[in-house]
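Please keep the sequence and the structure in view while reading.

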Amino acid sequence: MAPSQHPDQQGPDDPRPGDPQLPFPAPNPQDDLDAYTGLPQQEAERRACDHGWQTVRSLPPDAVVTMEYMAGRLNFTIADGRVGRCWLG
């Protein structure tokens with residue numbers, strides 16, 4: 001990863017702090033994660049998007065996934081078409 005530049009050294013087209021084009025997602029939306037448990041997959045995904053989550057990842061139970069935290073991402077495990085577990089990042 002390249003070091004970030006001081007704002008005075010950035011070019012005119014480089015994103016600035018607070019710029020919506022920054023490569024990092026916004027903070028997590030305020031949401032009740034427990035409310036997703038038991039919902040049908042499509043309803044849960046739609047609700048997550050409506051509540052402002054930038055990325056929604058639906059996974060089968062016991063899926064092998066990387067553990068890096070990504071702000072703005074909501075994860076679900078889906079079994080029998082319903083959310084069994086929901087967590088951030």
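Isoleucine 78 has valine 83, a residue of strand S3, standing opposite. The model is predicted, so that local features need pLDDT of at least 70 and side-chain atom pairs count only at pLDDT 80 or more, while totals for chains, interfaces and linings use all residues. Residues are numbered from 1 along each chain as its sequence is written, and side-chain values use heavy atoms, with hydrogens and water left out.

**The hairpin**
- Strands S2 (residues 73-79) and S3 (residues 82-88) pair in the antiparallel sense over six bridges, where pairing requires at least two DSSP bridges between the strands, and helices (H or I, at least four residues) and strands (E, at least two) are DSSP runs numbered from the N terminus.
- Two residues separate S2 and S3 in this hairpin, and aspartate 80 in the turn has a positive phi of about 55 degrees.

**Arginine 73**
- Arginine 73, in strand S2, counts as buried because its relative accessibility is 6%, the classes being buried under 20%, exposed over 50% and partly exposed in between (1.4 Å probe, protein chains only).
- The side chain of arginine 73 reaches the backbone oxygen of glutamate 68 at 3.1 Å.
- Among the residues that arginine 73 touches, not counting those up to four places away in sequence, are Trp53, Trp87 and Glu68; contact means heavy atoms within 4.5 Å.

**Glutamate 43**
- Glutamate 43 belongs to helix H1 (residues 41-50) and counts as partly exposed because its relative accessibility is 38%.
- Although 40 residues separate glutamate 43 and valine 83 in sequence, they are 9.7 Å apart in space, C-alpha to C-alpha.

Notes: Polar contact = N/O pair within 3.5 Å; in protein donor to acceptor, adjacent residues only side chain to side chain.
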